[in-house]
Amino acid sequence: MTTPAPTDGRVALLHVDDDDLAACVACGLCLPHCPTYRVTGLEAASPRGRITAMRAVQWDGAALDATFAQYMEECVQCRGCEAACPSSVPFGRLMEGARATLQEQPPVKRSPLRGVAEWFGFRVLLPRHWLLLAFTWLLLVAQRLRIVPKGVALPRLSARSLVRPLRPAPAAGEVDAYLFTGCVMDAWQRDVHRAALEVMEAGGAAVGLAGRGGDCCGALHVHAGRIDEARRLATRVVASMPGDAPVVVDSAGCGAAMKDYGHLIDTPEARAFAARVRDFAEWARERHLPLELTGRRVVVQDPCHLRHVQRAASFTHEVLARAYDVTGTDDDGLCCGAGGVYAVVQPELAGAIRARKVEALQRAAGDTAPLVASANPGCLMHLRGAGVDVRHPAELLAAALKKERPPL
Amino acid sequence: MHDLVNDLRAALGTDRARAEPLELALYARDAGVARGRAAAVCWPSSTDDVAAAVRIARRHGRPFVARGSGTGLAGGATPVGDPVVIVTTHMNRVLEVDTANRVAWVEPGVLNLDLTRSVHHLGLHYAPDPSSQQACTVGGNVATNAGGPHCLASGVTSTHVLALDVVLADGSLARLGGLEPDQPGYDLRGCFVGSEGTMGIATRIAVRLSPDPPAVRTLLLGFDSVDDAAATVSGIIAAGIVPAALEMMDALITRAVEDFVGAGFPRDAAAVLLVELDGLPDGVDAQIGAVRAVASERSARTVRVAADEAERALLWKGRKSAFGAIARIAPDYYLHDAVVPRTRLVDVLEQVYAIAGEHRLTVMNVFHAGDGNLHPLIVFDAREPGIWDRVHAAGDEILRACVEAGGVLSGEHGIGLEKREAMPWIFSADDLDAQARLRDAFDPTGAANPQKVLPAGSRCGEATRVPEGAWI
Ligand SMILES: Cc1cc2nc3c(=O)[nH]c(=O)nc-3n(C[C@H](O)[C@H](O)[C@H](O)COP(=O)(O)OP(=O)(O)OC[C@H]3O[C@@H](n4cnc5c(N)ncnc54)[C@H](O)[C@@H]3O)c2cc1C
Ligand code: SF4
Ligand code: SF4
């Protein structure tokens, strides 16, 4: 293979490892597991195509242009391809590297508005939880006044939830587990945390919350290629939950990012912290929980960051099965299209991908309208946007806790 | 060039044809190694669209190449001669399922496994199951006459295709074959199956669906020597058992596969066999006993019967990931596809290992043991200078060794661009000329997937060479 020098004089080397890039044998076995390929049928919207495009830029001197940027930005970063790849191509790493390069050398001038929005979101809002909460109040008012544009997939915000902070029962000594509450989820879906807390305490655990700085895990920053910002946030999160107690995370996306802190910050502390991170169901399955059988059928949607990245999706099925008639979908865990901010920046693709998922959920439910469990706040909101009844597994478990158990 | 794209867009829709350089780069190859260059790529959504695309290509003096999922291993979908690439991924509907007659009409872009899944609730499946079945299209399967582990008992693709609607090289339509068993006249359907896109593009396919067997069991056998494994294969067949599938993997590939799936393949065995038995429950149990007996006679060290469907599925996932999993050892592979007489297997394998050793290359083997279809894979890193010469030299010697042992080039993966120079080893000049004339009868202009299957100079008195921009 000849490797001509870049033709446009630009040194456009991607922040990716050449061996990672060489690892793809172009077999195509990942294609059906890629949501964007499934809905477009385009090589350019497939894992293999995206890798070939990266190779063209990295090795064959193709320009780092708008077309390339488009191919990269259409990826949901669900990593379904990574789980399906027999050659173990580390696709997530490749895509994060390509995005980081695009972040540094954007081939198309971004609209100033988008620049301001990104700066405000990533740099100002997410790292400052008090500000995010204040902003959420504004949104709530806007929502009640019906001035939030229709396209914005905002969940119905709750003032009742926002005024009531999470209050774990005080622990006598060391806590048995931390519950990580994060940024947007705490502002928009605090009731899920409340349910998780209730279940954890019903399981006999003394639960602690993160201290100062444990506001935002940085997952959204990593996906956007904003690695330095992500590192700063991650370092703060690690410091906010000292000790050896497991760190329970009820957002699959956050959990995946936090389990990867060892790679992101690469210090012994970060590695030790990452080893303590558990998905909510992963933690709950080892606990006795006072549950009663409800007889209700629940269709479990496996969030990509739980199934393909954490490879821990089976625990949700296992724990829910203690109280529900649990069934999965027949689509090999194909992504629902939520993907962090993906649904906002690529609404058309996200909508088409979601339509496929809704069909799969409906098939699994049979004749009735499906009651769906999703362990990721992003998927939850995205699927609710299509009118599906989606709950977090913690909420379903809390609803199935035995009523006559001794009061906490 | 822009006229070409504009015409395609006018006929198929604005977002249905492209020619940006980066876009074309993504369609330069399939899962094989040969690369070419397309003039434009288009995505039709109906038979009429395909016919229009073919006519537009012809009007602009260009050939055309059909492409499904691009999982072909022989460069069949590699664009040669600046063609228009016609991709079938948007034609992916199962059009009609006739449960009573067990026939389905499908569009060519339907994925093989999706078809099986869509009729699963009817207790039916589509029998040909190439290892790439999750990703490859039925159209691609028809064009390569694909086989798979379960084709041992049920036959390859051709057996399961009843009728085809095709767009010929001049853009006209034809129906080949039919649903009634005895079709009068020549079997043109049979000619088209396996023609690798050189006779036209299939746009609707009538396939036969098979009933799911009442019972299925899979055995995993591990051996300390390839000899024992090969002898067991012969023993099973001599005992009168026709397994639904009978597959062998050598030591290196077994390890690579186990690292991917973790299904409990013995990492230190010299060879493993996967044996699948199906039929009525009692019969299957009796066959398991018989296979066990043969295996222990040949000193199998492990004999495991998959306990449930999940374990069975995992074993097959391992086998079907074999080609992909080898990248754990090196990033590129060059694959051969030959059929050797089962009795010569041990002998041929020894030669294969020796040839690779001489060229300082690593080779691994997967084998559809039941029908003698051997897949030696040379694994290497294409970035190493000068490696291609060694790979090609070793590849040629391996194929020759197979042919000399009385084997043939298999059509399972197609001949495409990469294997066509080996055609004269098994066909005489007259044979090749006859094949070239058959192809000409379908496509006198040579516009349908040019330079594939038949080597340059197959027509008596003709000499072409691989054009600039394509390399093998
Ligand atoms: C990991 C792996 C395992 C594999 N295992 C097997 C196996 O077990 N058995 C096996 O037989 N093959 C196997 N293959 C090879 C490959 O999957 C098959 O050849 C498959 O049939 C190709 O289908 P496709 O949709 O990818 O076609 P493509 O690669 O896109 O095309 C293949 C050929 O068919 C032509 N074509 C495609 N669609 C049409 C159409 N509608 N009309 C006319 N011509 C058309 C193309 O021009 C080309 O010549 C394997 C490949 C991989 C990567
Ligand atoms: S990413 Fe993996 S599965 Fe996809 S084409 Fe490359 S090697 Fe095959
Ligand atoms: S991460 Fe998801 S969307 Fe992106 S290429 Fe892989 S499978 Fe496709």
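Helix H5(B) gives the most to the shell around ligand 1, with five residues; helices here are DSSP runs (H or I) of at least four residues, strands are E runs of at least two, and both are numbered from the N terminus. This is a predicted model, in which local features need pLDDT of at least 70, side-chain atom pairs count only at pLDDT 80 or more, and totals for chains, interfaces and linings use all residues. Residues are numbered from 1 along each chain as its sequence is written, chains are lettered from A and ligands numbered from 1 in the order in which they are written, and side-chain values use heavy atoms, with hydrogens and water left out.

Helix H5 covers 138-144 of chain B, and strands S3 (64-67) and S10 (201-208) of that chain also supply at least two residues each to the shell around ligand 1. Domain 1 (2-87) and domain 2 (94-211) of chain B both contribute to this shell, so ligand 1 lies between them; the domain bounds come from an automatic or database domain assignment. Ligand 1 also lies between chains A and B.

Among the 34 residues around ligand 1, those that come nearest are Ala66(B), Gly68(B), Thr71(B), Ser132(B) and Thr137(B); a residue counts as near if one of its heavy atoms lies within 4 Å. By class, the shell holds 13 nonpolar, 18 polar and three charged residues. Here Ala, Val, Leu, Ile, Met, Phe, Trp, Tyr, Cys and Pro count as nonpolar, Asp, Glu, Lys and Arg as charged, and the others, Gly among them, as polar.

Backbone atoms of chain B also approach this ligand. A nitrogen atom of ligand 1 is 2.7 Å from a backbone N or O atom of Gly147(B). An oxygen atom of ligand 1 lies 2.8 Å from a polar backbone atom of Gly72(B), and an oxygen atom of the ligand is 3.3 Å from a backbone N or O atom of Gly140(B).

The other ligands have shells in chain A. Of the 14 residues around ligand 3, Cys34(A), Arg50(A), Cys75(A), Cys78(A) and Cys81(A) come nearest. Helices H2 (35-40), H3 (47-59) and H5 (80-84) of chain A each supply at least two residues of that shell. The residues around ligand 2 include Cys24(A), Cys27(A), Cys30(A) and Cys85(A), and its shell divides into nine nonpolar, two polar and one charged.

Methods: Polar contact = N/O pair within 3.5 Å; in protein donor to acceptor, adjacent residues only side chain to side chain.
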